[in-house]
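Here are my notes on this one, as promised. Have a look at the model first, then go through the points.

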Amino acid sequence: MPSTLLIPAPLRLYTGGHEKLTLSGETVGELLQKLATQFPLLRTHLFDERGEIRSFINVYLNQEDIRYLNRQQTLVEEGDQIRIVPSVAGG
Amino acid sequence: MKSSIASQTFSHEEIRRYSRHLIMPEVGMAGQERLKEARVLLIGAGGLGSPLGLYLAAAGVGNLGLVDFDVVDESNLQRQVLYSTHDVGRSKLEAAKERLLGVNPHIDIRTYETRLASANALELFEDYDIIVDGTDNFPTRYLVNDACVLLGKPNVYGSIFRFDGQVTLFDARTGPCYRCLYPTPPPPGLVPSCAEGGVLGVLAGLVGTIQAIEAIKLIVGIGESLQGRLLLIDGLRMQFQELRLRKDPNCPVCGKKPSITQLIDYEEFCGLAPNKNTIRDQTWEITPFQLKERLNSGERIQLLDVREPQEWEICRIDGATLIPLGDLPSHLQKLDSTTPIVVYCKVGVRSGQAAKLLQAAGFSKTQNLIGGIDAWATEIDPTLPTY
């Protein structure tokens with residue numbers, strides 16, 4: 001099922017400037033894995049050594065943080081938006 | 001004739017000054033008095049601190065504290081509208097105080113020309129009702145958060161990068177804190193700073209003024225705050241998105257069983273402590289002077305620039321090849337693994353990642369230029385502009 005992944009500005013450096021990608025998968029984790037396979041430099045930014053999403057990265061399915069859904073196992077439906085929200089310190 | 005309702009708090013001059021507030025039902029005399037009595041501490045007098053300071057002073061916030069230790073730099077002027085060209089080289093707080101008192105002489109401004117640290121944060125925050133986070137680094141953001149949680153104070157949060165902003169209100173007494181959202185900081189170098197990635201000057205104004213509105217609403221006690229909502233601003237598309245924020249019951253500082261009950265060493269927490277985890281492998285790195293000597297000796301070196309094309313347009317080292325970091329994995333065939341490679345970026349962070357990647361890919365003769373093209377321009381070739 002195709003869903004839209006939104007890449008935030010600080011991580012676009014690692015996606016060749018892509019801001020939005022449409023990928024197919026059953027779960028949020030599967031989509032993120034596909035993303036990391038397509039852009040290998042992004043992998044270390046998204047996942048730690050154990051394959052967990054790094055704690056300075058939040059992933060939202062539409063308006064909700066996947067930590068309060070089913071984390072990487074959260075099911076996605078067609079047309080869902082998956083948004084990666086990293087911590088940014090600039091001021 | 002006796003005037004019927006003479007204000008105890010405001011002079012006629014102040015009433016004229018604040019008249020556009022006073023005639024609004026949401027503010028009125030009572031709200032303006034609350035503003036006058038309020039005590040707001042701004043952490044950072046930079047991109048966010050500038051609009052915050054100007055608007056909170058103009059709005060009549062009676063007691064404004066400012067914490068910063070920097071001097072005004074030319075590269076600040078694109079967004080730090082508190083300062084003028086003639087302030088370059090001057091203490092930020094000295095210039096800021098002068099400017100803010102020029103905007104509104106009826107308020108009290110306190111300046112703390114010091115680096116906010118675990119040793120002074122609690123004492124400093126103690127005197128204020130609201131803390132506004134406008135800093136530019138992770139250690140200070142975690143310090144501000146933890147101090148606010150420990151003291152039970154609201155933290156008006158904003159951060160910026162390029163065209164993107166994040167704004168919310170944290171108040172751990174009734175909702176989430178910064179650590180509920182981001183439990184730990186990124187390892188150094190993984191998330192680019194504004195100095196490395198850039199920021200639209202006006203975006204700082206947009207986010208700072210939203211923070212100022214949140215502070216004013218909180219003081220006056222009106223409206224709906226951003227608490228529990230993370231406002232994402234995309235200035236390039238001019239889209240505002242709201243994400244739900246929840247209080248994490250397992251939060252290490254505001255959760256049910258907090259493991260952090262006092263301020264910690266935030267430099268260490270963010271992996272920035274000197275002499276810890278930063279033991280450098282000399283063979284991986286090269287100083288600008290060493291590079292210059294080797295180039296002068298006629299040695300063949302592949303100079304690899306991993307910055308973005310727009311940075312390449314500003315300046316470059318003669319003889320270098322541009323392959324932006326993001327393109328590097330798919331362009332390895334352009335490099336020769338038998339010839340030494342020296343990789344550089346602006347300050348040495350991105351090129352450090354590139355050097356690691358190249359080493360792992362079998363380019364064992366790869367070195368990272370310490371301090372990047374900035375250091376090269378300062379130490380070797382002053383004809384290059386710095387940015």
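1. Domain bounds here come from an automatic or database domain assignment. For chain B that assignment gives domain 1 (38-269) and domain 2 (282-379). Taken over C-alpha atoms, the centres of domain 1 of chain B and domain 2 of chain B are 36 Å apart.

2. Some housekeeping: this is a predicted model, where local features need pLDDT of at least 70 and side-chain atom pairs count only at pLDDT 80 or more, while totals for chains, interfaces and linings use all residues. Residues are numbered from 1 along each chain as its sequence is written, and chains are lettered from A and ligands numbered from 1 in the order in which they are written.

3. On to the interface: 25 residues of chain A are in contact with 39 residues of chain B (C-beta atoms, placed from the backbone, within 7 Å). Helix 2 of chain A gives the most to the side of chain A that touches chain B, three residues (helices are DSSP runs of H or I, at least four residues, and strands runs of E, at least two, numbered from the N terminus). That side of chain A divides into 14 nonpolar, nine polar and two charged residues (nonpolar is Ala, Val, Leu, Ile, Met, Phe, Trp, Tyr, Cys and Pro; charged is Asp, Glu, Lys and Arg; the others, Gly among them, are polar).

4. Within chain B, helix 4 (residues 49-59) and helix 10 (residues 201-220) pack with axes 8 Å apart, at an angle of about 40° (axes are lines fitted to C-alpha atoms, for helices over the stretch in contact, and angles run from 0 to 180 degrees between N-to-C directions). Helix 4 of chain B and helix 10 of chain B are therefore oblique to each other (under 35 degrees is roughly parallel, over 145 roughly antiparallel, 65 to 115 roughly perpendicular, the rest oblique).

Note on methods: Contact = placed C-beta atoms within 7 Å.
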